[in-house]
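I opened my notebook to look up a few things in this model. Here is what I wrote down, entry by entry.

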Amino acid sequence: MLTQRPKGTNDLLPGQTEKWRYIENTIRQVCSEYGYQEIRTPIFEHTELFQRGVGETTDIVEKEMYTFLDKGYRSVTLRPEGTASVCRAYVENKLYAGPQPVKLYYVGPMFRYERPQAGRFRQFNQFGIEVFGSTNPAVDAEVITLAMDFYERLGLKNLEVHLNSVGCRRCRPVHKAKLQEFLRPNLDKFCPNCQGRFERNPLRMLDCKNPGCRELSAGAPTTTQCLCEECAEHFEQVKGYLEKVGVRYRVDERLVRGLDYYTKTAFEIMVEEIGAQSAICGGGRYDGLIEEIGGPATPGIGFALGMERIFSALAVQGIEIPLETKADVYLAALGEPAVQEAFKLQAQLRKLHLKVEMDYLARGLKAQLKAADRLKAKYAVILGEDELARGAATVRRMDSGDQQEVKLIDLIDFLAVNK
Ligand code: HAM
């Protein structure tokens, strides 16, 4: 136990953390180009925020939250997602009073007590964006485009945008009633989970993976068939904007998101090759959420994407993340006087922002050169007793093996110029 991490969590080791940083840098670059600013909210919130925000009937709230009483007997929950927290911060910090739309992004860990499996963890990381203050369908298209642009910069291919509209407060009850009418005659044949959803959230019955239930719900009235005029027009415009910028999508009328706050646009991005957990991104519009948690009526839309799933997709598609070099220079010193000299040189070179390493294990020359090789150093600087006596060092280019002697007084300039 003491040496085992909790189920569904990960250690990110050196070698992996560089890759994560590369992805985070790409996120920051894309967001800055699209005009999104970073927000950081607490890792835990009052439990009620998620109950109200995510929805009482969702799997997340019913089964998956890490909820506990703090020492003051307040119920708090480790955030299972970012949207509710960002909405809370928007209201609490009165961001609605400033210029709109407010375009935000976040990167960080989320917690869900799920059954761990490939691509599904209990602590996982999301990159998400949220836009507040605009109902414009162009914003819906921008949000989807940003996600696709980000994936493309990483080199990912075969991404599929599944798009749907789940309607609004006006048209959703119409759809719900029609759906219940369609499903009711066979209700006793559905799985217990679906039966439990029939009254409260029959839409989720369309999402059931059970083949029997899927057969029974085949041909059920879809949300898009029941959209009011405003929602239908909005949906058409979102599609039009996506087409203008060449983002391909597939209308997926069975697409039901697992969170209750969505209105109008709902979407997921899939990479089929990564298997069961093929949704690498999910999002949509939530025009009632800010009001639901006590803020002024404000439209919102966003997405979140699973960062661990990016790695699964990169792996199946054979894409390598470019890594920074670990060292520019390796100082191979032999004997105490040379080690002293190397230590001084190392400090001087670091002041010039070169990546420098030296041996701390008193190894022989061969082992030190091997270490230089492992670090992919551009140069090894060999400081032996003979060289030192001549006031010089041997500089070896690690890729070609070419060597030359450089005077110690010229060495720093030589390495800085040739780095
Ligand atoms: P979500 O669909 O619950 O949406 O999660 C978004 C993405 O997070 C998923 O598509 C998946 O890639 C990743 N993800 C979810 N659960 C796990 C897990 N247990 N392990 C690994 N990855 C996971 C939301 O969270 C919404 N807040 C998205 C949103 C933002 N909607 C509007 N704004």
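**Entry 1: the ligand.** I began with a term: a polar contact is a pair of N or O atoms within 3.5 Å; within protein, one must be able to donate a hydrogen and the other to accept it, and residues adjacent in sequence count only if both atoms are side-chain atoms. With that in hand, I found an N or O atom in the side chain of Glu 114 at 2.6 Å from a nitrogen atom of the ligand. For Tyr 262, I noted a polar side-chain atom 2.6 Å from a ligand nitrogen, and for Thr 83 one at 2.8 Å from a ligand nitrogen. The protein covers 95% of the 660 Å² of accessible area that the ligand has on its own (Shrake-Rupley method, 1.4 Å probe; for residues, only the protein chains shown count as cover).

My notes on the source: this is a predicted model, where local features need pLDDT of at least 70 and side-chain atom pairs count only at pLDDT 80 or more, while totals for chains, interfaces and linings use all residues. Residues are numbered from 1 along each chain as its sequence is written, and side-chain values use heavy atoms, with hydrogens and water left out.

**Entry 2: the shell.** Which residues come nearest to the ligand? Among the 26 around it, they are Glu 81, Thr 83, Glu 114, Glu 130 and Tyr 262 (near means a heavy atom within 4 Å). I sorted the shell into 11 nonpolar, 8 polar and 7 charged residues. Here Ala, Val, Leu, Ile, Met, Phe, Trp, Tyr, Cys and Pro count as nonpolar, Asp, Glu, Lys and Arg as charged, and the others, Gly among them, as polar. Strand β10 gives the most, with 6 residues. I also saw that β6 (123-132), β10 (279-285) and β11 (300-306) each supply at least two. Helices (H or I, at least four residues) and strands (E, at least two) are DSSP runs, numbered from the N terminus.

**Entry 3: the backbone.** The peptide bond from Gln 100 to Pro 101 is cis, with omega near -5°. I placed Pro 101 in the loop between α4 (83-92) and β5 (102-111). His 353 is not a glycine, yet its phi is positive, near 65°. I found His 353 in the loop between α12 and β13 (356-358).
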